[in-house]
Amino acid sequence: MNRSTPSPASRGRKESWIGQSVERLEDPPLVAGRGEFAGDINFPHQLHMRIVRSTHAHGRIVSIDTAAARALPGVYALWTAADIADVPPIDFREGSIPALDPYRQPVLASGVVRYVGEPVAAVFAEDAYVAEDAADLVAMDIDELPPLLDSQAAPVEFSPGHGSEAALIRQGYGDVDAAFRTAPHIVELELAIGRHSGVPLETRGAIGRYDASRGILELHGAAKVPHRNQELLSRMLGIPPSAIHVHESHVGGGFGIRGELYPEDVLVCVAAKRFKRPVKWIEDRREHLIAANHSRQQLHKIRAAVDADGVILAIDDVYFHDQGAYVRTHATRVVHMTAGILPGPYRVPAYRSVGHFRLTNKTPAATYRAPGCYETTFVRERLVDAIAARLDIDRIEVRRRNTIGPAEMPYLRPLEALGESIHYDTGDYMGLVEKLFAKIGWDKLKADIKKRKAAGELVGIGVAMFVEKSGLGPIDGVKISVDTAGMVEVVTGGASLGQGFETVMAQVAADALGIDYRRCRVIHGQTDRISHGIGAHASRATVMTASATHIAAMKLRAKALEAAGELLQAPADTLDIVDGEVMRKDQNPGPSISLGKIAQHLAPGAKTLADREPGLAAEGWFKTSHQVYPYGTNIAVVRVDAETGGVAVERYFIAYDIGRAINPALVEAQIVGGFTQGLGGALFEEFTYSEAGDPLAVTFADYVMPAIHETPAPNILLAQDYTTPLNPLGIKGAGESGITAVGAAIASAIDDAIGIPGAVTQLPVTPQRLKRLLANGGVTRP
Amino acid sequence: MKPAAFRYHAPKTIDEAVALLAEVAPQDGRVLAGGQSLVPTMAFRLAKPTHLVDINGVAALNRLGVAGGKLVIGACVRHAAFHRPVCEGPLGALLRDVVRHIAHYPIRNRGTFCGSLAHADPASEWCLVMAALDGEVAAKSAHGERVIAARDFFKGVMTTALRDDELLVEARLNILGADTRCGFYEFSRRAGDFAMAAALCSYRLEAGKIVAPRIALGGAEPSPRRIAEAERALAGAVPGDKAFRAAAQAAMAAVDPMEDATTSAEFRRDLVLAVTRRALERADKS
Ligand SMILES: Cc1cc2nc3c(=O)[nH]c(=O)nc-3n(C[C@H](O)[C@H](O)[C@H](O)COP(=O)(O)OP(=O)(O)OC[C@H]3O[C@@H](n4cnc5c(N)ncnc54)[C@H](O)[C@@H]3O)c2cc1C
């Protein structure tokens, strides 16, 4: 990747910062070891918290013996559920949902434990070692109950009066039954996506601190959605939002799972307030793999009604979503979105989707990068491949016949995702496929593979298309100001999980203001600096926060030009800002005034202020009622080792149309990172359980993630052909771009390599599973 | 992930180390070598030794060299020492080929050959080397020193003939004749992972026929061992696909594979077939 930062010596030349792969503002402290992650945050007199977790998948708590632990020197306090009876279960992000409220997770298990890893008690001690020693001394007497581990099995009782099917989600349109009655072909598949999740390098951490002098409760170590968690804590603890400050520091990866409000976050807050001492908790890796949100596990029974040309007439999908033991902050978000986004880039005249939202005795699940989209892209693309195989039509041709064309945009589908109707804004889905084919030499690639197959190699090509959603609204705001030294501060309610948020916001602000992006300081994740924020999730940070930044910066620019016009005695519309200096467009060089000087002239008390509001500052809000839909195509080339069941991914191609890339290198980095995680879900990563409900993947030896040897560098085609009219800069999101179609493309390539269409029906494709497929000659042939 | 409290000892000589072990072994005192297996186990609190006898400061244990027709590997010799051949001929080359399958570079810089033997993971490459080539170890305690043959040393998953108060002082491998052909192959899901199955074989050729064949398997059973049935299938044969397949089939039939929740015996048997044949192919090309 070639990154360059234009030199500041470009004085006098108008720079556009948008679209340049400039260096990251975030990097200097990080590469110098001066970052501040949750583990680096310490306060005087802090206590260390250790959670005692259930070792049973399901059981009634008979007693918890804490005497020995309490007696250990250095132990300050030990809580079980009874000690925090006033603290309610963890609330949903959007507030109470009566039908789901009974399924919320208590902060500490009371009465019943429902998964291995569930917090049962909390130890607070003078150091982390003593805390762990004490936790080991807590003895739990648990009366075991049978665990429910299969989301397809008949629902059982979750709690008195509440079954283990927490919700039944229906979406759809058109006359599905009629289509199936008359269709010449019906293609039917059963497809499973394994349980896996985001595993950031930095585990979770939370430090609670109560500032009694100001009456402020602080939570440090936040990520992703600090403002949402501020609101949640406020509701749960009955403290006004303004008396809770949530702070994000450096974050070593989020992927959707880090930063949600978990029991541990609530505990450090409650304890800090009660003890009047800071309380620190750092998750260890084993805890992370059993306590942080899992994701993905779904089973789909899907059918397509197809005409003689392979054109889809209807899709009928019944799916089982394995939620794990409780419904967490997201409520039904993933299971609901699954139904809305499954049809993807294809015209589907009639559609019916029934989702069973089922609880099981496993770690609770929620969003992981491309939630619902990774799963449904696998399911949908498997279905399209199966249609091609059944009708003996080329896979690409089937896609061509079903794909929504650019002339059909905007394309409205009467389904919902994230509370909005599906409304594809712009794009040419098949056009991007053709563009990728041209770039990589598709015909030659196919010919090469054919030749190698003929020579006996098990090599194959897989193709998958996808449409991603991004930029969830409804609104985001940014405050921007210039100080008297000409430094710009951009205060956002966004969040940085390591993706380059600061750099991108600085580029957008710099572009509008005509300054060097390195003159911008970007604030994020600090609830005491701005009262509203959406954080960073659902590929929305750049779409929403950059749009608000642009609006705020343009307002500030107008203010600066207006004031400069008076000082330079020239009409504002004759002025421009170049490298932080306001000057006349027609006189270069000529008289100029810096933004810092203008800020001095607008300072409170300055003579030149006149009747204006003091300060060179502005606030910008961006509102939207629709998400924007970037899209892409993946092509995988794999080689299968028939003797071992091993799969090597030889080459990987990703085409993605982002509309407009603020920083192409950072977008490509998002794609590469996403691809690697997608590969994990396709071939390696899986949270497996024993029959008793014991998690079997609790270390990095058992939770197998792809490393550098297993991961080819993907070849990326970053297109900027279809900007969106739905925001001022025309941008679409990037965060989930790389991951979405990897499971689908690799499954398709494996089918092709082993010459058994429809063989892969389950992710991840482990060597053992692949050996079994080869031995059986494949399963569920449509 | 914070280990339980322990006492730390840093002896400077073998005698000091052995004396300390005699004292602390009854209270679950243990040797600390490279720490690449022991320390993670302690972090998980799967092991809570009350004493650690750190042998890294015992200079006499750094010995690595050939003596009396044997390669002698002292207890503090790291995996990384084998990145280049440590002796002439096929043995040095074999160990160089094998070592790159052990974990990752930083782990190879700390972890020791002898620590791997003492730890006795079923899939350990060094344990497989010792079993295949009939190596031996020297163990020392306050009661004296003894030599244990590899075939008597490995007693099951992470279990050896070593007594709690014994220090494994060194491992020894016979130097291989220049005409010995060796091949190693392992299958793991990722580079650097413990093998799901591994095979090591060696043989010589006399008049174009295989003599003195050795075929050993690791990762398939609780301990690595030579597979007599496979060796018999190979003895006297002309090297080539037919003989290698027959030997691999015999190995597959002879093993009693380990099984767990995610790896079936049937699958491991398939892997045994693949790794044995491939190890033989490599030997043929060596
Ligand atoms: C991520 C990872 C991947 C790995 N992959 C592999 C792999 O692919 N193949 C492989 O073989 N290993 C692998 N290992 C293990 C590694 O090779 C260890 O170094 C080795 O198993 C133990 O050697 P050590 O010197 O680190 O021993 P330690 O961890 O210090 O000790 C291990 C055990 O042996 C005992 N012990 C050590 N030395 C002696 C001695 N001289 N006398 C008596 N007792 C002794 C200790 O008391 C302890 O019980 C991996 C480790 C990690 C962390």
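At roughly what angle do helix α9 and helix α17 of chain A cross, and within what distance do their axes come?

Tutor: This is a predicted model, and the part you ask about is a helix pair in chain A, made of α9, which covers residues 373-391, and α17, which covers residues 742-754. The two axes cross at roughly 35° and come within 8 Å, and the crossing is right-handed. On the side of α9(A), the contact is made by A:Y374, A:T377, A:F378, A:E381, A:R382 and A:D385, while α17(A) brings A:G743, A:A744, A:A747, A:S748 and A:D751 to it. Sorted by class, the residues of this contact divide into four nonpolar, three polar and four charged.

A helix pair in chain B can be set beside this one. There, helix α9 (residues 241-254) and helix α10 (residues 265-285) pack at an angle of about 145°, with their axes 8 Å apart, and α9(B) passes α10(B) in a right-handed crossing. From α9(B), the residues that take part include B:F244, B:A248 and B:M252, and among those they meet in α10(B) are B:V272, B:L273 and B:L280. By class, this contact has nine nonpolar, two polar and six charged residues.

Returning to chain A, one further helix deserves a look, namely α13 (residues 501-513), in which A:T503 is found. With a relative accessibility of 0%, A:T503 counts as buried, because the limit for that word is under 20%. Leaving aside neighbours within four places in sequence, A:T503 is in contact with A:V22, A:E23, A:R24, A:L25 and A:E26, and also with A:Y517, A:N663 and A:L666.

Chain A also holds an open sheet of four strands, in the order β20-β28-β29-β30, whose pairing is mixed. Its edge strands are β20 (459-467) and β30 (715-719), each of which pairs on one side only, and neighbouring strands of the sheet are turned against each other by 15° on average, direction ignored. Within this sheet, β20(A) and strand β28 (residues 631-641) run antiparallel and are joined by nine bridges, and A:V459 stands opposite A:R639 of β28(A). In general, strands of a sheet pair through backbone hydrogen bonds, either parallel or antiparallel.

With strand β12 (residues 197-206), β11(B) pairs in the antiparallel sense over seven bridges, and B:C182 has B:S202 of β12(B) as its bridge partner.

B:R100 is exposed, with a relative accessible area of 53%, and its C-alpha atom is separated by 9.9 Å from that of B:E125, which is 25 residues apart from B:R100 along the chain.

Technical notes
Residues are numbered from 1 along each chain as its sequence is written. Chains are lettered from A and ligands numbered from 1 in the order in which they are written. This is a predicted model: local features need pLDDT of at least 70, side-chain atom pairs count only at pLDDT 80 or more; totals for chains, interfaces and linings use all residues. Side-chain values use heavy atoms; hydrogens and water are left out. Axes are lines fitted to C-alpha atoms, for helices over the stretch in contact, and angles run from 0 to 180 degrees between N-to-C directions. Helices (H or I, at least four residues) and strands (E, at least two) are DSSP runs, numbered from the N terminus. A crossing is left-handed if the near helix is turned anticlockwise from the far one by less than a right angle, and right-handed if clockwise. Contact means heavy atoms within 4.5 Å. Ala, Val, Leu, Ile, Met, Phe, Trp, Tyr, Cys and Pro count as nonpolar, Asp, Glu, Lys and Arg as charged, and the others, Gly among them, as polar. Two strands pair if DSSP finds at least two bridges between them. Buried means under 20% relative accessible area, exposed over 50%, partly exposed in between (1.4 Å probe, protein chains only).
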